[in-house]
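Visitor: Can you walk me through this one? I'd like to start with the strands.

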Amino acid sequence: MLSRLASFFAFALLAGCGTPAAVPTPQPPPDAELGLRELGEVFKYRAGQKAPAPTRAEDLAENAGAVDNALPLINDGHVVVFWRVSYSPTSTEVLAYQKSAATAGGKVLLRNGTVKEMTAAEFAAAPKAK
């Protein structure tokens with residue numbers, strides 16, 4: 001009887017008590033500077049193709065492989081974009097920016113494709129794309 005009971009517990013341990021399910025590790029958000037650079041390249045490409053400027057995030061779907069870092073940041077609200085504005089090689093207006101740039105400083109994408117760090121004061125004073 002004791003050996004049956006021991007066998008039962010051994011079977012129960014093997015059958016039902018496997019390793020605990022792995023807890024997924026939260027992924028860090030994509031790098032904002034890389035995402036803004038990707039976005040700048042897509043705006044530049046679209047301008048070169050004489051395609052209209054994107055009007056919303058969904059318009060970037062045809063360029064999805066080129067904005068793998070930018071799209072999640074835009075969709076999650078971490079990056080703000082001035083839509084309906086095209087790339088311009090001579091413009092220093094802000095085209096897109098980290099949401100935190102307005103209050104704490106952060107990375108910004110200018111219409112000429114340049115990504116730079118701005119303080120909150122610099123961001124407030126910078127011309128914005130319209």
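Guide: One term to begin with: buried means under 20% relative accessible area, exposed over 50% and partly exposed in between, with a 1.4 Å probe and protein chains only. Helices (H or I, at least four residues) and strands (E, at least two) are DSSP runs, numbered from the N terminus. This is a predicted model, where local features need pLDDT of at least 70, side-chain atom pairs count only at pLDDT 80 or more, and totals for chains, interfaces and linings use all residues. Residues are numbered from 1 along each chain as its sequence is written, and side-chain values use heavy atoms, with hydrogens and water left out.

Visitor: OK. How many residues of strand E2 are buried?

Guide: Five of the five, residues 94-98, so E2 is largely enclosed by the rest of the structure.

Visitor: Which strands form the sheet, and in what order?

Guide: Four strands form an open sheet, in the order E1-E2-E3-E4, with antiparallel pairing. Two strands pair if DSSP finds at least two bridges between them. E1 and E4 (115-118) stand at the edges with a single partner strand each, so one side of each has no neighbour in the sheet.

Visitor: Which residues pair up with E2?

Guide: E1 (residues 79-81) joins E2 over three bridges. Val-81 has Ala-96 as its bridge partner there. Three bridges also link E2 to E3 (residues 106-110). On that side, Val-94 is partnered by Leu-110.

Visitor: What packs on the sheet?

Guide: Helix H2 does, touching E1, E2, E3 and E4. Contact means heavy atoms within 4.5 Å. The direction of H2 makes about 5° with that of E3. Axes are lines fitted to C-alpha atoms, for helices over the stretch in contact, and angles run from 0 to 180 degrees between N-to-C directions.

Visitor: And the nonpolar core?

Guide: That is a set of buried Ala, Val, Leu, Ile, Met, Phe, Trp, Tyr and Cys residues joined through side-chain atoms within 4.5 Å. The largest has 21 residues, and those touching the most other members include Leu-39, Ile-74 and Ala-96. H2 (32-48) supplies at least two residues of this core, as do H3 (70-75), E1 and E2. H2 gives the largest share, five residues.

Visitor: Switching topic. Is Ser-88 buried or exposed?

Guide: Ser-88 is buried, at 15% relative accessible area. Ser-88 sits in the loop between E1 and E2. Beyond its neighbours within four places in sequence, Ser-88 contacts Arg-111 and Asn-112.
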